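Below is a short report on one protein model. Look at the sequence and the structure, then read the sections in order.

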Amino acid sequence: MDARNPKIRDNGARNIPAGAARDTDVLVVGAGPTGLLLAGDLAEAGLGVTLLERRPGEISNLTRALAVHARTLEQLDARGLADELVAGGHPLGSLRLFGDARLDASRLRSRFPFVLITPQFEVERLLERRARRAGVTFRYESEVLGLDQDAEGVTVRFRTPEGLGSLRAAYAVGTDGVRSAVREAIGLPFPGKSVIRSLVLADVRLAQEPDSPFTVNATEEAFALIGSFGDGWYRVIGWNRRHQAGDDAPVDLDEVREIARLALGNDYGMHDARWISRFHSDERQVPEYRVGRVFLAGDAAHVHSPAGGQGMNTGLQDAANLSWKLAAVLRGHAPDSLLDSYQTERHPVGRAVLRSSGALVRLALLHSAPGRLARTLAARLLERLRPLSGRAIRTVSGIGIAYPAGPGAHRLAGHRAPDVRLADGSRLYEVLRQGRFVLITPSDEPGGTRPAEDRAVTAHWHSARRTAVLVRPDGYVAWATDATAPAERARALRTALVHWTGAEPGDGGGPIAAALTPQGHAADRPAGR
């Protein structure tokens, strides 16, 4: 298969017990970005996927996200979508915070060394198109009322304009936002608190163009951000300390203009708002991302302030982590226990995002003069110390995310795999579009150990590098070795392929679930297992 022109992948064997009556393999609830990416991945793996969405199909989601970070663009690149999204967006090489601090995204070692400013609905448009082409069944105007699960599956009950209905699947995933019906149905708490009330959002045109395509500042009275979409429209986010109203209180363009003048000293001649909204921002996270055969992802699992623009990005990366694991289990390539690593890997990431975005919003809302002075000094320090600012942009962009690896694992295990050039001229993330593991070795790799073709793709380094690396379908390193002795290297590679792909090299893809149990060698154990 040409990695640059992927087709829907072969279904393979599914791990479905005999006699189990199911309507679909996976039910995804919520057609926002997280649900669309997850559903599309599963359908491209040849699985049956039904996506339930409460709103009518012709009504778009309320769009709040406007930033797509580098790691998310890499995930979209692995699905053949990034270039089209970038072409229609507005790349920013840096973000300036509070006047003195600048996060320089151009320093990122990525194909996407920038923050892409683009409305959430553009991300959804591409993901929905992909999901439909892959065969996802969409059911709009379907309000989830509850669910029941047992050892073999999940039954989701819902209401449509035509009446009540239910569907049964092997697994269900709630990507249905802050007020998740799935989260409520499985009885999970959503602990946390509201950190800021009466935020206003608006998409407007400006009579005067700001000096920067991304402008943000905070004063004693207000906070405001203006970001350019690159097409004449601007997103405004603002908060006025002296005007705290409920989410349902009316908001108009005059209020948005006033906030901009208080925070930025200029309203830039705002006019022709295409929409305006008021909302509050919470910091919350569920204790468990998995309950039996039900999972939560995106805002259904974690919610935080919009500072740093990490919300949609974190949800999309949740989906990328979970989708390949569900596909592996349902196709009989891995035991159900693999799915536990979703909690182990993604829950700490969600917690870290809550902390970093919370720190940013608290800095923005500092009221006292000493506090604002300390913020200014901290911003200047961040600007001058390159290691500190580099770490900050890697954190915000998602490039710095790594998952835990077992004792004795190679130093690369659990880390993001960069988009390296391969011997045939392709890139790693082009090959990842096939949705399989990618084994990268020298072209003269001794021993002839090769993975089963339905589980992994074999590629070779463009360079003279001798390390053998197995990359997971989500673009993280599963295993690597620097061993040079041919017998030792071949033995380690065979063990890794059995452990991670569930098949003996070259055996045609028969499932070996026992090889994926935590009793394997620590050096070869998957992160979080």
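T160 has G163 of strand 11 as its bridge partner. Strands here are DSSP runs of E with at least two residues, helices are runs of H or I with at least four, and both are numbered from the N terminus. Two strands pair if DSSP finds at least two bridges between them. Strand 10 and strand 11 (residues 163–174) are antiparallel and share seven bridges. They make a hairpin, with two residues between the strands.

Strand 10 (residues 154–160) also pairs with strand 9 (residues 143–149); these two run antiparallel and are joined by six bridges. Here V154 in strand 10 stands opposite Q149. Is strand 10 mostly covered or mostly uncovered? It is mostly covered, as five of its seven residues are buried. Buried means under 20% relative accessible area, exposed means over 50%, and partly exposed lies in between (1.4 Å probe, protein chains only).

## About the model

The model is predicted: local features need pLDDT of at least 70, side-chain atom pairs count only at pLDDT 80 or more, and totals for chains, interfaces and linings use all residues. Residues are numbered from 1 along each chain as its sequence is written, and side-chain values use heavy atoms, with hydrogens and water left out.

## The whole protein

The protein has twelve helices and 23 strands. Of its 529 residues, 56% count as buried. It exposes about 21,300 Å², of which carbon and sulfur atoms supply 50%; accessible areas come from the Shrake-Rupley method with a 1.4 Å probe, and for residues only the protein chains shown count as cover.

A contact means heavy atoms within 4.5 Å. Among contacts with a separation of 6 or more, 69% are between residues 24 or more positions apart.

## Helix 4

Helix 4 covers residues 120–134, which is 15 residues. From its first C-alpha to its last it reaches 21 Å, close to the 21 Å expected at 1.5 Å a residue. The expected span is 1.5 Å times one less than the number of residues. After helix 4 comes G135, which has a positive phi near 105°.

Which residues of helix 4 are buried? They are Q120, V123, E124, L126, L127, R130, A131 and A134. Seen down the axis of helix 4, these buried residues fall within an arc of 165°, so they line one face of the helix. The arc is that of the directions from the helix axis to the C-beta atoms. An α-helix has 3.6 residues a turn, so residues three or four places apart point the same way.

The buried residues of helix 4 pack against several elements, including helix 1 (33–44), helix 2 (70–77), strand 8 (137–139) and helix 7 (311–330).

## Aromatic pairs

Rings of Phe, Tyr and Trp (its six-membered ring) pair if their centres lie within 6.5 Å; planes under 30 degrees apart count as stacked, over 60 as edge-to-face and the rest as tilted. By this rule there are eight aromatic pairs. The rings of F138 and Y140 are stacked, because their centres are 5.9 Å apart and their planes at 20°. Both F138 and Y140 are buried.

The rings of W324 and F437 have centres 5.5 Å apart and planes at 85°, so this pair is edge-to-face. W324 lies in helix 7 and F437 in strand 20 (residues 437–441), so the pair ties together parts that are 113 residues apart in sequence. W324 counts as buried because its relative accessibility is 9%, and F437 is buried with a relative accessible area of 6%. Y171, Y289, F295 and Y342 form one aromatic cluster.
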